[in-house]
Amino acid sequence: MNSTNIPEVKLGIIAVSRDCFPIALSTQRRKNIVAAYGEGLYECPITVENELDMLKAVDDVNAAGCNALVVFLGNFGPETPETEIAQRFDGPCMFVAAAEGDGDMINGRGDAYCGMLNCSYNLGMRHLKGYIPEYPVGTAAELAEKMHEFVPIARAIIGLKNLKIITFGPVLRTFSPATPPSRACMSWGWRSRKIPSWTCWCPTRSTPATSASPPSAPTWPPRWARGAITRS
């Protein structure tokens, strides 16, 4: 049986639109990006204007099996629903916006650049994490290229999220050369599951220590025993 530790990325795209702009502006620009990207991109048919649209769109990409997402501002965009996508979606999210001058604007402007500034500010206020490339505003071809660059980044994030580090023992508490991985994991705030022969460190699943843990197994203060990574 062949196995791999490299996760497969299924990328999806959700377009958002501020209700004072025609929704067709974001929808058509999203279709242009999908055409420029090629195969391997799931196009969510729901263009998000409000919170209800946001919930439907997230349900749609989840049902399609997406584990990474691009939130596309086809115009200024609704900063609350668009950033709540990152909060509701359990996977890495990238935020990009349409450039002006693509010949498909309403009254000569779409204001997606300004909306991108609002989006990044709103992500910070909500303490949400999203990937914003160095140049997040572009044409369909430019954004499609940036989305291809996002795929390996998303793969690394997904892989680290499900990472387990297995160290072998038991060893004496004073035998420090055999336990440096444990020290690093403890400093990151990871939890562990221990049996006499091995220790499994997991950043996202809280597993209490078993009664089989040997007295010589590494221990740490309660402030480190938290089920999430505490350092970025």
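pLDDT is the predictor's confidence in each residue, from 0 to 100. Contact means heavy atoms within 4.5 Å. Keep both terms at hand for this tour of a predicted model, in which local features need pLDDT of at least 70, side-chain atom pairs count only at pLDDT 80 or more, and totals for chains, interfaces and linings use all residues. Residues are numbered from 1 along each chain as its sequence is written, and side-chain values use heavy atoms, with hydrogens and water left out.

**Stop 1: confidence**

Colour the chain by pLDDT. The mean is 78, and 65% of the residues reach 70 or more. Now select residues 204-210. Here the pLDDT is below 50, and the stretch has 15 contacts in the model beyond near neighbours in sequence. Next, select residues 212-232. Their pLDDT also stays under 50. The model has 46 contacts for them beyond four places in sequence.

**Stop 2: the whole chain**

Switch to a cartoon view. There are six helices and eight strands. Helices (H or I, at least four residues) and strands (E, at least two) are DSSP runs, numbered from the N terminus. Trace the chain along its sequence and you follow β-α-β-α-β-α-β-α-β-α-β-α-β-β. Of the 232 residues, 40% are buried. Buried means under 20% relative accessible area, exposed over 50%, and partly exposed in between (1.4 Å probe, protein chains only). Among contacts with a separation of 6 or more, 73% join residues 24 or more positions apart.

**Stop 3: α1 against α5**

Two packed helices are described by the angle between their axes and the distance between the axes. Select residues 23-37 for α1 and 140-161 for α5. Their axes lie 8 Å apart, at an angle of about 60 degrees. (Axes are lines fitted to C-alpha atoms, for helices over the stretch in contact, and angles run from 0 to 180 degrees between N-to-C directions.) So α1 is oblique to α5. Angles under 35 degrees count as roughly parallel, over 145 as roughly antiparallel, 65 to 115 as roughly perpendicular and the rest as oblique.

Show side chains. On α1, pick Asn32, Ile33, Ala36 and Tyr37. On α5, their partners include Leu143, Met147 and Val151. The residues of this contact divide into nine nonpolar, two polar and no charged. (Ala, Val, Leu, Ile, Met, Phe, Trp, Tyr, Cys and Pro count as nonpolar, Asp, Glu, Lys and Arg as charged, and the others, Gly among them, as polar.)

**Stop 4: Lys146**

Stay on α5 and select Lys146. Is Lys146 buried or exposed? Lys146 is buried, because its relative accessible area is 18%. Leaving aside neighbours within four places in sequence, Lys146 contacts Met94, Pro133 and Tyr135.

**Stop 5: α3 against α4**

Select residues 79-88 for α3, then α4, which spans 112-125. Their axes come within 9 Å and cross at roughly 55 degrees. So α3 is oblique to α4. Glu79, Thr80, Glu82, Thr83 and Ala86 in α3 meet Gly115, Asn118, Cys119, Asn122 and Leu123 in α4. The contact has three nonpolar, five polar and two charged residues.

**Stop 6**

Select Glu43 in strand β2, residues 41-43. Glu43 counts as partly exposed, because its relative accessibility is 25%. Beyond four places in sequence, Glu43 touches Ile13, Arg30, Lys31 and Val34.

Finish at His127, in the loop between α4 and β5. His127 is exposed, with a relative accessible area of 73%. Its phi is near 55 degrees, a positive value in a residue other than glycine.
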